[in-house]
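Please look at the structure below together with its sequence, and follow the report from one part to the next.

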Number of protein chains: 2
Amino acid sequence: MVIEIDFNSSEAIYMQLRNQIILGIATSQLQEGETLPSVRQMAEHIGINMHTVNKAYTVLKQEGFLKLDRRKGAVIALDIDKLRALEVLRQDLRVMLAWGSCKKISREEVHQLIDEIYEEY
Amino acid sequence: MVIEIDFNSSEAIYMQLRNQIILGIATSQLQEGETLPSVRQMAEHIGINMHTVNKAYTVLKQEGFLKLDRRKGAVIALDIDKLRALEVLRQDLRVMLAWGSCKKISREEVHQLIDEIYEEY
DNA sequence: CGTCTGTTATACAATGCATATAACAACAAA
DNA sequence: TTTGTTGTTATATGCATTGTATAACAGACG
């Protein structure tokens, strides 16, 4: 799986890495049980510091996407709390859709956008 | 319109204020041409610093929600670049839906969530 | 033993956030 | 014209975040 970091982005590097790994899981490029490169390997590969990768992994662990094992390294392991996830998603979508609504994006256009994005999976 | 800031939130105060104003516009509690309280009044009202309000207003201006007038103060004025807005929304939704997909939230559940949120408008 | 793993600690510089005080120019109303 | 308001700008301080750097530790494996 290809990881690309935009060093000119205002988004934190560890968040970019987090997002790309989540996208990788959603698109089945990364599958449950699969191991990610170690923090040192990944850091070397991307050209960033070890601790920045470690922070991304720690966040992913906290969010229920990874399990960190001293033996095996970072393993994709999904912990699913669906009710909680739906509530988080609802709060995030509220602001985002309000933003879109102000930009005159209709409900139908949002639905279409959702379908287009889900086609990528 | 009631503004409520959560000082314990990890989200920046100026972003909370920005989001609530956007929600206010989307729900028609704030309408085009209406003036917001001045930076000093709003700061006094919420109990935060003037510059924090100013930053929120500046962001909203930059995003095309406000016009700042030395005479009238901060006026709701929507500048709509729909093509650009759709692209921004798509990028944000991609990560968010990937996150939800990992949490086993189906396409249909997202559609339903969208409808529920749009009901609030 | 040597090498890998995640983990932790410390330090440093740069940036972002929030506050504080102060001043300025432009406008409105007294 | 004076007074008060507006957004705007400047400077300063304290604190947290971000990213980097170096280092060490304990557990696991060959």
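## A strand hairpin in chain B

In this predicted model, Asp69(B) has Gly73(B) of strand E3(B) as its bridge partner. The two strands concerned, E2 (residues 66–69) of chain B and E3(B), pair in the antiparallel sense, and 4 bridges link them. Between E2(B) and E3(B) there are 3 residues, and the two strands form a hairpin.

## Two helices that cross in chain B

The axes of H2(B) and H3(B) come within 8 Å and cross at roughly 120°.

## The surfaces near the DNA

Around DNA strand D there are 20 residues, and the closest of them are Ala12(A), Ile13(A), Asn49(A) and His51(A), together with Ser38(B) from the other chain. Several elements each supply at least two residues of the surface near DNA strand D: in chain A these are helix H1 (13–26) and helix H3 (50–62), while in chain B they are helix H2 (39–46), helix H3 (50–62) and strand E3 (73–76). This surface near DNA strand D has 8 nonpolar, 8 polar and 4 charged residues.

DNA strand C likewise has 20 residues around it, of which Ser38(A), Ala12(B), Ile13(B), Asn49(B) and His51(B) come nearest. Here H2, H3 and E3 of chain A, along with H1 and H3 of chain B, each supply at least two residues of the surface near DNA strand C. By class, the surface near DNA strand C divides into 8 nonpolar, 8 polar and 4 charged residues.

## Where the two chains meet

The contact between the chains takes 35 residues from chain A and 35 residues from chain B. On the side of chain A that touches chain B, H1, helix H4 (82–102) and helix H5 (107–119) of chain A each supply at least two residues. The element that gives the most to this side of chain A is H4(A), with 16 residues. The residues on this side of chain A divide into 24 nonpolar, 4 polar and 7 charged.

Methods: Residues are numbered from 1 along each chain as its sequence is written. Chains are lettered from A and ligands numbered from 1 in the order in which they are written. This is a predicted model: local features need pLDDT of at least 70, side-chain atom pairs count only at pLDDT 80 or more; totals for chains, interfaces and linings use all residues. A residue is near a molecule or strand if its C-beta atom, placed from the backbone, lies within 6 Å of it. Ala, Val, Leu, Ile, Met, Phe, Trp, Tyr, Cys and Pro count as nonpolar, Asp, Glu, Lys and Arg as charged, and the others, Gly among them, as polar. Axes are lines fitted to C-alpha atoms, for helices over the stretch in contact, and angles run from 0 to 180 degrees between N-to-C directions. Two residues are in contact if their C-beta atoms, placed from the backbone, lie within 7 Å. Two strands pair if DSSP finds at least two bridges between them.
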